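Hi there,

Here is the structure we talked about handing over. Have a look at it first, and then read on for what turned up in it.

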Amino acid sequence: MQGRLPLLTRLRRRNWPSWMQPEQLRMCPGMFYLANHVFYNNTIKIGSHLKVANFPISIAFERWCSTLNSSGMANTTASTTMKPSPSGEVLPIFIDGSNSFCYRESNGTSKGNADFVNLTCHYLDSFKDYCEKNQVVLKNEDIAIVVPYLKHARSP
Amino acid sequence: MSIFTQNDKYRGIEVHTTNTFQGFGRAVIFYDFVIAQGVANVDFVADDSRNVVATTRHTSALVMVGDFNCMESSDYSTETPSRGC
């Protein structure tokens with residue numbers, strides 16, 4: 001049972017001295033909102049020195065979002081444009097890929113979804129192109145894709 | 001996802017599972033939820049410890065790709081700010 005717990009949890013249970021960092025000092029304002037609300041019950045404060053102006057990629061991200069419509073696709077009419085983030089913040093976005101097909105590996109429980117691979121590539125290309133056109137430095141090394149399933153990570 | 005290791009255009013972009021990415025970070029993260037409507041067992045996707053890793057690895061931008069109908073049935077859809085998407 002103990003082996004399943006994270007190392008930090010185990011150390012704290014063994015009474016190792018620890019201190020809970022009550023401030024988020026790493027991410028652009030707004031980017032921590034989701035995790036703070038859902039997982040930390042809004043107990044983590046946002047560092048007062050953090051400003052959107054210090055995150056050029058976040059600024060480009062917010063502008064790129066304004067080119068997408070409310071479903072996340074390329075915007076065609078102003079009336080369907082994605083709502084902007086609140087002033088002084090840049091919020092994450094959720095791209096809705098309805099009606100995709102999720103498969104399970106034949107000899108296990110891991111899963112994959114080729115439709116979402118295509119969707120991820122589409123938006124990644126779109127954002128990279130936007131940054132390039134607007135002379136915002138975004139290297140491939142600045143980007144990572146995180147998935148819950150190993151089967152999906154190794155899919156073609 | 002092997003397209004990211006095979007295509008020169010994507011060289012340098014890493015693909016990780018939520019388990020292997022713990023402790024790492026990037027400026028931009030694409031979090032692909034994988035599951036679609038109709039999948040009976042969403043196990044890993046509903047696991048808070050995995051989701052907290054995936055949604056706190058970025059510094060500048062987070063794009064989540066998923067099926068909203070799957071997420072709607074979970075607690076994650078409550079009281080979070082809407083951007084119309």
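Which residues lie nearest the centre of the largest pocket? They are A:L8, A:Y40, B:Q22, B:V52 and B:R57, from a lining of 28 residues. Please keep in mind as you look around that this is a predicted model.

Staying with that pocket, its volume is about 1000 Å³. Sorted by class, the lining of the largest pocket holds 12 nonpolar, 10 polar and six charged residues. As background, rolling a probe the size of a water molecule over the atoms shows where empty space is left.

Next, the interface. Here 65 residues of chain A are in contact with 61 residues of chain B. Between them, the two chains bury about 5800 Å², with 64% of that area on carbon and sulfur atoms.

How many residue pairs are in polar contact across the interface of chain A and chain B? The count is 28, with both residues of each pair at pLDDT 80 or more. On the side of chain A that touches chain B, the elements giving two or more residues include α2 (33-38), α3 (56-65), β3 (93-96) and α4 (114-133) of chain A. Of these, α4(A) gives the most, with 10 residues. By class, this side of chain A has 41 nonpolar, 14 polar and 10 charged residues.

Finally, the salt bridges. Side chains of opposite charge can pair when their charged atoms come close. Over all chains, the search of the whole structure finds four salt bridges, and one salt bridge is found across the interface of chain A and chain B. There, B:K9 pairs with A:D125, and their closest N and O atoms are 3.3 Å apart. This pair runs from the loop between α1 (3-6) and β1 (14-17) of chain B, where B:K9 sits, to helix α4 of chain A, which holds A:D125.

Terms used:
Residues are numbered from 1 along each chain as its sequence is written. Chains are lettered from A and ligands numbered from 1 in the order in which they are written. This is a predicted model: local features need pLDDT of at least 70, side-chain atom pairs count only at pLDDT 80 or more; totals for chains, interfaces and linings use all residues. Side-chain values use heavy atoms; hydrogens and water are left out. On a 1 Å grid over the protein atoms alone, a cavity is a set of points where a 1.4 Å probe fits but cannot get out, and a pocket is an open set with protein on both sides within 12 Å along at least five of seven lines; lining residues have an atom within 4 Å of a point. Grid points are joined across faces, edges and corners, and a volume is the space filled by probe spheres set on the points. Ala, Val, Leu, Ile, Met, Phe, Trp, Tyr, Cys and Pro count as nonpolar, Asp, Glu, Lys and Arg as charged, and the others, Gly among them, as polar. Contact means heavy atoms within 4.5 Å. Buried area is the accessible area (1.4 Å probe) that two parts lose on being put together, summed over both. A salt bridge is a side-chain nitrogen of Lys or Arg within 4 Å of a carboxyl oxygen of Asp or Glu. A polar contact is a pair of N or O atoms within 3.5 Å; within protein, one must be able to donate a hydrogen and the other to accept it, and residues adjacent in sequence count only if both atoms are side-chain atoms. Helices (H or I, at least four residues) and strands (E, at least two) are DSSP runs, numbered from the N terminus.
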